[in-house]
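Open the model in your viewer and keep the selection panel at hand. The stops below go from one whole chain to single residues and then to the contact between chains.

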Amino acid sequence: MLTMIGKRLMFAIPSLIGVVIVTFLLTRALPGDPAAYFAGPAASKEAIEQIRKKLGFDKPLIEQFFRYTNDLAHGDFGNSLTTGQPVATEIRNRLPASAELTLLGLVVSVMIAIPLGVLAATRPGSWIDHLCRITTTAGVSLPVFFTGLVLVYVFYFRLGWSPAPLGRLDVFYSAPPSVTGLYLIDALIARDLETFRSALSQLILPAATLAIFSLAPIARMTRASMLAVLASDFVRTARASGLSPSTVIVTYAFRNAMLPVITTLSMVFSFLLGANVLVEKVFAWPGIGSYAVEALISSDFAPVQGFVLTMAVMYVLLNLVIDILYGVIDPRVRLEG
Amino acid sequence: MKRRDFLKSVTGVAAGAMVPAPAIWSAAKADARSETLLIVSESGPNNLDIHGVGTNVPGYEVSWNCYDRLISHEMKSGPGGVPYYDRDKFKPELAEDMNVGDMSVTFKLKKNAKFHDGAPVTAKDVKWSLDRAVSVGGFPTFQMGAGSLTKTEQFVVVDDSTVRIDFAKKDRLTLPDLAVIVPCVVNSELVKKNASEKDPWGLEYTKQQTAGSGAYKVTKWTAGTEVIMERNDAWAGGPLPKVKRVIWRMVPQAGNRRALLERGDADISYDLPNKDFVELKDSGKLNIVSVPYSNGVQYIGMNVKIPPFDNPKVREAVACAIPYQKIMDAVLFGLAKPMFGAAADKATEVAWPQPTKYVTDIAKAKALLAEAGHPNGFETTLSFDLGFAGVNEPLCILVQESLAQIGIKTTINKIPGANWRTELNKKVLPLYTNVFSGWLDYPEYFFIWCYDGKNSIFNTMSYQSKAMDEYIHGAVDAAAIGNTAKYDTDVKGFVDLAFKDIPRIPLYQPYVNVAMQKNVSGYQYWFHRRLDYRTLVKA
């Protein structure tokens, strides 16, 4: 197993090198001149040139590339110009924020979507099947920023149930001592229930927004995959052997239907992590999605490169975990593939 | 723990989080809230030091409040009774005394002035800081240059608490330029300790923390999320500020900033869309202050090097076809000062900005266009900066519609914020809208930037005229020696010429809009248009 993991990681190296080269070239090909942007509103041509020199953008592309890879090898992702901080620190600080939000959103979504999908599959054409169809269609067709704004409007502005959408914590709380970077867990470790409660109440609306959006693919996939498995021979055999319906569905059918669901989950997770920019914007969430987009808007190269690289590494790791999970769920699947 | 108990406690916690969470938990927290000012805005600083490389505008606000300058401005009553900085009156900040000579100015420093770390502010610090401002390059050096402050030799340490600044030449802008944000005084010993060979001015250090003597100091900064500033109780620059702590949070969504204000959670916000400000004003729940930008104008520019805009008749035709009033009503919701439609017999004033005599007159525009040899119009592009799309986009659509009536077909070209200055610098955009405003509120300052033949980046029209240059330099020289009569003639001269040749069509003077809770008072308008926390009061 360990050698398999090692082998898989080795295979990932060429694709990571590819990612480094492509992001470097792509960011350089972006329209926009960071030197002019950061030289300020009253900059002359000379001032812009001075900035360009300071940033090292006056050097030939190949030299910039070697300097960049050399820095990367030393764990230095460069500095962001928009926030003024080292990219590595920023990503380390912001990734947990996005991860906490995405994970919670996903957990909520899974808790609703999988039972919904299973029930819809076991009773096709019934009211629950229609409910499943309606929720998934609605969830996927409402843009996330819209759902987010509606939730803020109703639960914060109108009803006042939810705290102000001001990021991860209320203004007057300070973050718990960082262990995992996930405030909920860190607050529990520090046995600080007040902070836990504040962090959780800040999380509810954005996580709900994400959950509504990600319901659809998971529920649909569960339903489709359950339907296929329920129609297969071994389920018929199990039923014919007189096993109780719950044993048939949970032990035999569901376990076999999990594989495509897990794949979908991993896709949804990695997609949400990078793509919940809009949710982050609406809730002033200090995550990496909004960080990358802001950097892109101001043609700030280093964070964009750092972001893409981090996401690439995450993809590789996530795929590895999923493959291992496959093996656990379905012993027929081996890691060789 | 028993499983049942555990489940109970978990549901309890979850339910607790759902309850209308009262954010105040204890008396201590309630106190903290009343002594704390919560500001929400779209974006935050990228650097706490204005001398840094590429410090953005929110960074200026930190510098203004956390560092002191030798001198600052007095206040006067401005438009609508809002306290407004007085361009002509200076007050001491770090200096206790200012002595202006013929070719130099001498400052005596306050004896009790101390940096945040307790070190006294000395003449050496002042010299080092000014040396730094003229040496680091980029914007700070450029701004210093605008007041003829360019060489380190100009700053002389007389004794421990006396500094002399020698004038390179007579320039009316030298003193005002010492009161802008850039010439701030930095704790030189502290910064030098944290400087390196590669970074002799310690810019990396001051980027992350404030090292000044100002009324506030940054205690926590999370880039892109929040800045927390605490009052410096030993501040010597003026009366002790009332607000103990300032929390400045970045809330990217304009709708949420408005909701936070309306629910009473945020105390101040100042970059909401005009429509929101008008609605908030009408609702009467908040204090709304609107003040025109000093020395700032939004305009339609035409590149006079690109035909057919090289023909003054074409430019005049465009000026007659701009839907001025529609822009005021539909784009700005009245929150701007019109810079058009002055009465035909109104004499030119010695002031800037001032309105042109142009009004929307499609028939006249058509006639002018025919006269210029384009009876059927022509095709061109109309560009704008997407960074300010909220105003620029509807404005350009209205202009496009109106120009179509005289046969000018325009394609709208949206340029991303990061790219805007690069494009302006190339000077290839034929027709565009843009805004310019100068920190120093002097007509000639605006014209040097925007109309002078040396063709700076803000002379976006590539306009070059001998007569214009003569007027501008005449005014600069007259101001330096105090020749008012000559100054007045020259200012009127360049304003008249700018309106006659009309390479850029002034539209309006934008407003700075600030929304505050009813219990917040003490707002003052400054040339930099950012907040000055030192005078704000939260009742």
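Helices (H or I, at least four residues) and strands (E, at least two) are DSSP runs, numbered from the N terminus. By that count, chain B has 18 helices and 20 strands. This is a predicted model, in which local features need pLDDT of at least 70, side-chain atom pairs count only at pLDDT 80 or more, and totals for chains, interfaces and linings use all residues. Residues are numbered from 1 along each chain as its sequence is written, while chains are lettered from A and ligands numbered from 1 in the order in which they are written.

**Chain B, whole**

The mean for chain B is 88, and 94% of its residues reach 70 or more. Now select residues 1-26 of chain B: here the pLDDT is below 50, and the stretch has 18 contacts in the model beyond near neighbours in sequence. A contact means that the C-beta atoms of two residues, placed from the backbone, lie within 7 Å. Where pLDDT is low, the predicted coordinates should not be read in detail.

Zoom out to the C-alpha trace of chain B, which spans about 90 × 70 × 45 Å along its principal axes. Of contacts in chain B between residues at least 6 apart in sequence, 68% join residues at least 24 apart.

**A hairpin in chain B**

Select residues 71-77 and 83-92 of chain B, which are strands β2 and β3; they pair in the antiparallel sense over six bridges. Strands count as paired if DSSP finds at least two bridges between them. Five residues lie between β2(B) and β3(B) in this hairpin, and Gly80(B) in the turn has a positive phi of about 70 degrees. Ser77(B) is opposite Pro83(B) in β3(B).

**The contact between the chains**

Select both chains. How many residues does each chain bring to the contact? Chain A gives 49 residues and chain B gives 45. On the chain A side, the helices that each supply at least two residues include α3 (45-55), α7 and α9 (193-230). The predictor gives the complex an ipTM of 0.73 and a pTM of 0.81.

**Val150(A)**

Finally, select Val150(A), in helix α7 (residues 144-158) of chain A. Is Val150(A) buried or exposed? Val150(A) is exposed, because 12 other C-beta atoms lie within 10 Å; the cut-offs are 12 or fewer for exposed, 20 or more for buried, and partly exposed in between, with C-beta atoms placed from the backbone. The C-alpha atoms of Val150(A) and Thr209(A), 59 residues apart along the chain, are separated by 9.6 Å.

Note on methods. pLDDT = per-residue confidence, 0-100.
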